[in-house]
Amino acid sequence: MSTSSETKTPAPAATIPLCVPEIRGNEWQYVKNCLDTSWVSSVGAYVDRFEQKMAERLGAPFHGVATVNGTAALHTALLVAGVQPDDEVLVSDLTFIAPANAIRYAGAWPVLIDAEPGCWQMDPQQVELFLTRDCEMAGGVLRNRQSGRRVKAIIPVHILGHPVDLDPIMELAGRFDLVVIEDATEGLGGHYRGSPLGGIGHIGCYSFNGNKMITTGGGGMLVTGNPQWAEKARYLTTQAKDDPLEYIHGELGFNYRLTNLQAAMGCAQLEQLDAYLSAKEAIADRYRQELCMVPGITPMPTVDYGQSAWWLYTVRVDPAQYGMDRKTLMQRLAAEGIQTRPLWQPLHLSPVYRQAQRIGGEVSEQLNSSALSLPCSVGLSAAEQQRVIEALVRLGG
């Protein structure tokens, strides 16, 4: 009778995760400083420092307001931008659900804008179609002809770290007096025509969740060049305190402030961002070079108007050419210890938003059914990436 050490069954290969945090800098030192000094809550030097360093990356005259997560930043951005209950806000149909939820938190309603097939982002032509065909100016206010509601803002989401084509959206926003809130929760470090993502619209929002470009464990930030909006955001995120000593609150506020502990980690992570971006780009380059010749696999697109942050490297799978669909491939890779994931279900298919007005939606559905994100952690080794590539080549055909 053989023992387990004598069996010929090879040990299973270690799982290659999709995208995990990279801790390589001053995180331990800065967090220990918080613990040693007892500055662990929402007040402390690291919160101010993190906000300042994020704003500096965008250039003067930006202001940062750190929040507990990216959704809180989006919710706060909508409020300071003047979005009121029963207003409407245009938002990407193909995105994680957070920005649509933030719109509802503000009492407003999302209008879902389809993706465009070239780079999978909010389609500016569909934005223009809605604003010119489905809306009208009445008394200086833009209203949706179908619902009668005021249209107040646009939230383009830079999905997967890739830039939305913002120039036409900003032009439309200026023409129709709309506020643009960039959802750059996946786009930190990316650029559009030389400008950092999150710093082009009227307000930008970031996320520092565990799988984002940098992480504070959970956290977010609102950035804006409007000092009054920044002051209002800081006020709302600290429970709207008019007199903190006497507990006087003039408005409905929120407990949305980032803690000093999390900000300490964010400061350390931000020091490594450029190195992280270089690693992500190298991973993307290798995937593109190795997978472009695999029948049925279409590498992630690039554009001449911007630079992706390459948050999640994503390919499209054509089942007719590749031999299996995206879902089957995901299952086969999982059986080999390779973690992947699909793009989000388009918001118009989500039960909570099936009644929302949408413009298009067919492209978002096609992308959802065919796109698969591959392992791309900053610390992904060349051997691990080669294992992913070899599996994709072997399983096809």
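This is a predicted model: local features need pLDDT of at least 70, side-chain atom pairs count only at pLDDT 80 or more; totals for chains, interfaces and linings use all residues.
**Stop 1: the largest pocket**

The pocket has a volume of about 290 Å³. Its lining counts 20 residues. Select Phe96, Ala98, Ser207, Asn209 and Lys212, which lie nearest the centre of the largest pocket.

Now show the helices around the pocket. Helix H3 (70–80) and helix H4 (98–105) each supply at least two residues of the lining. H3 gives the largest share, 3 residues.

**Stop 2: the largest cavity**

Keep Lys212 selected. Lys212 is among the residues nearest the pocket centre, and it is also among those closest to the centre of the largest cavity. How many cavities of 30 Å³ or more does a search of the whole structure find? The search finds 1. About 70 Å³ of space lies in the largest cavity. Colour the cavity lining by class: 7 residues are nonpolar, 4 are polar and 3 are charged.

**Stop 3: the nonpolar core**

Next, select Phe50, Leu131 and Ile181. These three touch the most other members of the largest nonpolar core, a set of 127 residues. Helix H9 (residues 273–291) gives the most to this core, with 8 residues. In soluble globular proteins, nonpolar side chains tend to be buried together.

Centre on Phe50. Leaving out residues up to four places away in sequence, Phe50 touches Phe208, Ile214, Thr216, Met221, Leu258, Ala263, Gly266, Cys267 and Leu270.

**Stop 4: Ser308**

Move to the loop between strand S15 (306–307) and strand S16 (314–317), and pick out Ser308. Is Ser308 buried or exposed? Ser308 counts as buried because its relative accessible area is 7%, under the 20% cut-off.

One goes to the backbone nitrogen of Trp310, at 2.8 Å. Another pairs a polar atom of the Ser308 side chain with the backbone oxygen of Gly161, at 3.3 Å.

Then widen the selection to residues in contact with Ser308. Leu160, Gly161, His162, Pro163 and Gly190 all touch Ser308, with residues up to four places away in sequence not counted.

Notes: Residues are numbered from 1 along each chain as its sequence is written. Side-chain values use heavy atoms; hydrogens and water are left out. On a 1 Å grid over the protein atoms alone, a cavity is a set of points where a 1.4 Å probe fits but cannot get out, and a pocket is an open set with protein on both sides within 12 Å along at least five of seven lines; lining residues have an atom within 4 Å of a point. Grid points are joined across faces, edges and corners, and a volume is the space filled by probe spheres set on the points. Ala, Val, Leu, Ile, Met, Phe, Trp, Tyr, Cys and Pro count as nonpolar, Asp, Glu, Lys and Arg as charged, and the others, Gly among them, as polar. Helices (H or I, at least four residues) and strands (E, at least two) are DSSP runs, numbered from the N terminus. Buried means under 20% relative accessible area, exposed over 50%, partly exposed in between (1.4 Å probe, protein chains only). A polar contact is a pair of N or O atoms within 3.5 Å; within protein, one must be able to donate a hydrogen and the other to accept it, and residues adjacent in sequence count only if both atoms are side-chain atoms. Contact means heavy atoms within 4.5 Å. A nonpolar core is a set of buried Ala, Val, Leu, Ile, Met, Phe, Trp, Tyr and Cys residues joined through side-chain atoms within 4.5 Å.
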